[in-house]
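Have a go at each one before you read its solution.

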Amino acid sequence: MTVRIHLLGPPRVEGRPGFRGLKSWAILARIALGERPVTRAELAGELFADADDPLGALRWCLADLRRGLGRPDLFRGDRLALPRDGVWLDVWALRDGVLPVDGIGGVLLAGAEPRQCPRFDAWLLVARGDCAARGAAELRQAALVALAAGDADAATGPAGRAAALDPLDEGAQELFLRVLVAAGQTGQARRRLAQCEETFAREGIRTSPALRAAVRPPAPPAGVRAKAVAAALLRAGTAALDAGSTDAGVETLRRAADEAARSGNPLLHADVLRTLGSALVHAVRGFDGEGAVLLHRAMALARQVDAPALVGDVLRELAFVDLQAGRHVLAERALATATDLARSAGDDALAAGVLAAQGMNRADQGRHAAAADLLSASADLAAGIGQDRQAAWSHGVLARSLLLAGRPGEALAAAERSIALCDRERWNAFRPWPQVLRAECLAGAGDDVAARHEAEEAFALACELGDPCWEGMAGRALALNALRTGDADGAEAWIVDARRRCNRVPDRYVWVCAYVGLAQLEIAAAGGSDLVPVLAERLRADALRADLPEFVCWALLYQAEAGDPAGLGVARELAGTIDNPALHTRLHTVR
């Protein structure tokens, strides 16, 4: 019989009395969630450092686990792991994306935390953050899938649960409001919006236009229109977006979506929704939530008419939304399916886009070597089929991974290729990103004058575009330039401004926000500021929430350098999956 173990919420074993000691639960969680087998010495050091006989205390707990699970074969030898045969854990099901909605949301080891175990506490903090982030992502996905299938009632449960878990998560609140409206509960949605606005106001947070727009019911049909009208509006809206007229393009595409819904042509409707959803994600800041809802509807329609390339393209767009928000597991899952669809459809343009998104997703998690391979393949494939904007994008994101992987010469070359392609395509909307990376490469080579010129130019263009991410990236580069050239006050002013800019919209790119937060921490540490522990804790919390292990490591490292080494073991373990020589060097030297 399979032993079923619940670690989310108050821990329990189904049909069994459980274990005699709290530390038995802690050991079980530590082994079950480890990325590798855990040695007895590690567990004894984390949980029994103050015991007279740490290994003896550990042996007692391991025996307690074997007794409580009815499995005398488990936890033998020095390197301890938990095999999956005959064992089910809710935390495993959550990681695999198969945990039922009603099992999501509990706090890992709630009420079973061992006392006075600082090294284990540091691990538990990271593990709880990971479980919370995965749970929120799975609830969001369940709600979107149900909503796209037209079952708003089924979407209400997971959307409401996600909104309740984090009342300050504007994306979760927005989705719940949209689900309530779709379920015909507009009055309840408006009351919920009022509650959200009151909650946000107490925390000093302004609600976005997207949140308020979520309670507006869809416009009723204005009469039957021809399929040709929808197609014409799709062309006109796309042309307006290409010309940089975002507001006009989106408004035209909204009209196209209304007409396509009445045309009776699901393929056209899917194409319009894909285009509108993509525009809301890429061209309109703060509307990723609505964009994701429309993209899921587009995917459902595309599957209905068996359009695999369109399904793959929608999955790529949805993955982009997820990775920007830090939902990397969901993004990887969508991109794996999109890869298969691109291959079966023989669509090289789609394949190049999927490779690029996979590379970006790996890079955000610190896996820069794998990211560089994927992004290089994307750039080469895109160049070979004349997709210059995709090639520019892939080279630009490649430059980031090469720089962080300690390959600055290659990073500079990739950034310059991206800039050249942006100039050829007159694609100013992306140009600030590779230009900031070129500035960072020049700074690393000691040319602060040229680096400042590049960063200032990127910042000016980013402000003209009104892009919070680009503004934050460029402001970060200028802050570090000021630090290197001895202008401590300027560095502080620039980094505070950069942080404000990149955080000003709810659907921000979480990696950029963490990158700016790391620079703020670096500047504070360089000046001997008392804020280092506070900033490190903030970075750690933000990085945990957004599944950014590279920044979790940096935060724990700065905490250790500030006198709190409890998280060093966790940082070193996490760093095993991260390709960042600078991080590894610092972790090796700190004690």
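This is a predicted model: local features need pLDDT of at least 70, side-chain atom pairs count only at pLDDT 80 or more; totals for chains, interfaces and linings use all residues.

**Exercise 1.** Work out whether the length of helix α13 fits its number of residues, and find out what covers the helix.

*Solution.* Step one is the length. Helix α13 runs over residues 288-304, so at 1.5 Å a residue its 17 residues should span 24 Å. The C-alpha atoms at its ends are 24 Å apart, which agrees. Step two is burial: 12 of the 17 residues are buried, so α13 is mostly covered, taking buried as under 20% relative accessible area. Among the buried ones are D288, G291, L294, H296 and M299. Step three is the partners: the buried residues of α13 pack against α5, α7 (170-182), α11 (246-263), α12 (266-282) and α14 (308-325). After the helix comes D306, with a positive phi near 55°.

**Exercise 2.** Which residues line the largest cavity?

*Solution.* First, count: the structure has 1 cavity of 30 Å³ or more. The largest cavity holds about 30 Å³ of space. Its lining consists of R140, L144, G171, L175, G289 and V293. Now sort them by element: α5, α7 and α13 each supply at least two lining residues.

**Exercise 3.** On how many sides of helix α2 do its buried residues lie?

*Solution.* List them first: in α2 (residues 40-47), R40, L43, A44, E46 and L47 are buried. They cover an arc of only 165° around the axis, which puts them on the same side of α2. As for neighbours, the buried residues of α2 pack against α1 (22-32), β3 (38-39), α3 (54-69), β4 (79-80) and α5 (118-148).

**Exercise 4.** Which strands are at the edges of the open sheet of 3 strands?

*Solution.* Write down the order, β2-β1-β5, with mixed pairing. The edge strands are β2 (12-13) and β5 (87-89), each pairing on one side only. Then zoom in: β1 (residues 3-6) and β2 pair in the antiparallel sense over 2 bridges, and I5 sits opposite V13 in β2.

Terms used: Residues are numbered from 1 along each chain as its sequence is written. Side-chain values use heavy atoms; hydrogens and water are left out. Buried means under 20% relative accessible area, exposed over 50%, partly exposed in between (1.4 Å probe, protein chains only). Helices (H or I, at least four residues) and strands (E, at least two) are DSSP runs, numbered from the N terminus. The arc is that of the directions from the helix axis to the C-beta atoms. Contact means heavy atoms within 4.5 Å. Two strands pair if DSSP finds at least two bridges between them. The expected span of a helix is 1.5 Å times one less than its number of residues. On a 1 Å grid over the protein atoms alone, a cavity is a set of points where a 1.4 Å probe fits but cannot get out, and a pocket is an open set with protein on both sides within 12 Å along at least five of seven lines; lining residues have an atom within 4 Å of a point. Grid points are joined across faces, edges and corners, and a volume is the space filled by probe spheres set on the points.
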